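Hi,

Here is the structure for you to look through. Please open it first, then read my notes below.

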Amino acid sequence: MSSRSLVVSQARPQPLDENLISHWLLDRSIAFLNHGSYGATPKVVLEAQTAWRTRIEARPVEQLDRRRDEMLGGAKQAVAQLINAEPKDFGFVTNATGGANAVLRSLQFGRGDELVTTNHVYNAIRQAMRHAADRSGATVIEVKIPLPIASPDVVVDAVTAALTGRTRLVVIDHITSPTAILFPVETIIEACAARGIDVLVDGAHAPGMVDLNVGQLNASYYTANLHKWVCAPKGSAFLWVRPDKQRDIHPNTISHFLGEGLAKEFAWQGTRDITAWLCAKDAIDFMAGFGWDRVRRHNHELATWVQALLTRQWGVDPSTPLDGSMLGSMVTVGLPDNTRRHESTAALQTKLFDRFQIEVPIIDWDDRWWVRASCQVYNTADQYERLGDAVVELTR
Ligand SMILES: Cc1ncc(COP(=O)(O)O)c(C=O)c1O
């Protein structure tokens with residue numbers, strides 16, 4: 001029996017279809033295991049973007065002025081269906097960072113107010129929270145939730161224990177960035193609602209990774225990217241705001257339609273290229289062609305298998321239960337201790353790329369080094385086996 005067949009009991013995941021990578025421009029000599037950072041856009045979606053640009057450039061004023069609502073309406077309808085929300089309750093933004101900034105910069109905090117998040121927060125959002133707090137004398141409380149996490153209750157208990165009478169806003173990730181964990185946002189939103197506390201969900205990775213029901217989740221604010229797991233062109237994201245909160249939330253760029261309602265304000269943020277937003281529909285249609293349930297199941301099963309594969313091969317503890325119950329389509333695995341003899345995470349990441357043609361993020365989090373592997377439909381099991389072996393070689 002080879003050492004590899006000892007590694008995992010779950011069946012080796014099979015691709016949804018042969019050669020799916022041919023739908024992307026991705027360089028096939030690279031094992032691209034970092035869909036999570038910036039996504040990757042299929043060729044047909046990029047072609048659709050060129051077609052939208054051609055159409056707009058042929059009649060710039062007719063398209064961007066008189067037909068803007070009609071064009072954006074089609075894209076919004078497709079997104080609304082994907083995320084289970086009303087088109088009037090969200091607007092397009094360039095990225096989740098922008099969506100979170102729009103909320104944090106619109107709200108007024110006072111001296112002594114507390115903004116709560118966890119140490120799994122994405123660093124850009126941490127900075128946006130700091131900025132909002134610093135301007136008003138408020139404080140950011142970062143709840144430490146160490147790994148491993150045994151169950152979703154651990155996250156709920158840690159966050160709720162930090163809530164006080166001064167908590168004004170909880171910022172919680174749906175799927176965390178450095179640690180790739182599916183957080184129990186439903187329960188956290190309910191617990192906050194019971195205390196009258198607003199929640200901003202950073203769902204940067206959620207659309208396309210989990211079956212989303214933004215309307216029913218009923219957070220105060222939900223922002224997410226479409227350029228990650230929906231595979232829209234870069235610059236495609238949305239901010240959903242619960243109807244009772246909409247009056248107070250404005251885009252980062254205030255323009256003509258201030259005070260005329262969320263949908264209208266966000267539909268015009270100054271002259272800009274709106275084709276990444278328009279292509280949200282093209283991307284949704286392309287991915288829906290594989291069947292969203294199949295895509296999500298494939299990616300999730302692959303991530304669960306990768307967690308078992310790498311933790312066993314490297315002799316490290318899994319960060320979350322091995323049944324995959326706290327994973328979406330990514331998994332973060334602790335690196336063996338002796339990888340730390342490389343000079344930095346960046347140096348190790350570059351070595352994996354230069355020597356082994358593997359693109360994967362190496363992350364320094366909570367005083368330990370981690371690798372975060374993304375699983376998209378174009379990825380195959382052998383690429384993670386290559387990663388496992390490459391790391392073993394780099395520990396020698
Ligand atoms: C949890 C989380 N939030 C926010 C972002 C920011 O996304 P963007 O750069 O598209 O704004 C990321 C990006 O990886 C993320 O992982």
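Buried area is the accessible area, found with a 1.4 Å probe, that two parts lose on being put together, summed over both. Keep that in mind for what follows. Note too that this is a predicted model.

Start with the layout. In the contact, domain 1 supplies 29 residues and domain 2 supplies 33.

How much area do domain 1 and domain 2 bury between them? About 2,500 Å². Carbon and sulfur atoms hold 66% of it. On the domain 1 side, Trp292, Met326 and Trp365 lose the most area to domain 2. Together they make up 32% of what that side buries.

Now the polar links. The rule finds 2 salt bridges across the interface of domain 1 and domain 2. Elsewhere in the list of pairs, Asp211 forms a salt bridge with Arg296, with 3.7 Å between the closest N and O atoms. There are also 6 residue pairs in polar contact across the interface.

Which elements give two or more residues to the domain 1 side? They are helix H12 (292–314) and strands E9 (330–334), E11 (362–365) and E12 (368–374). H12 gives the most, with 4 residues. By type, the residues of that side divide into 15 nonpolar, 11 polar and 3 charged.

Best wishes

Methods: Residues numbered from 1 in each chain as written. Predicted model: local features only at pLDDT ≥ 70, side-chain atom pairs only at ≥ 80, totals over all residues. Heavy atoms only, no water. Contact = heavy atoms within 4.5 Å. Salt bridge = Lys/Arg side-chain N within 4 Å of Asp/Glu carboxyl O. Polar contact = N/O pair within 3.5 Å; in protein donor to acceptor, adjacent residues only side chain to side chain. Nonpolar A, V, L, I, M, F, W, Y, C, P; charged D, E, K, R; others polar.
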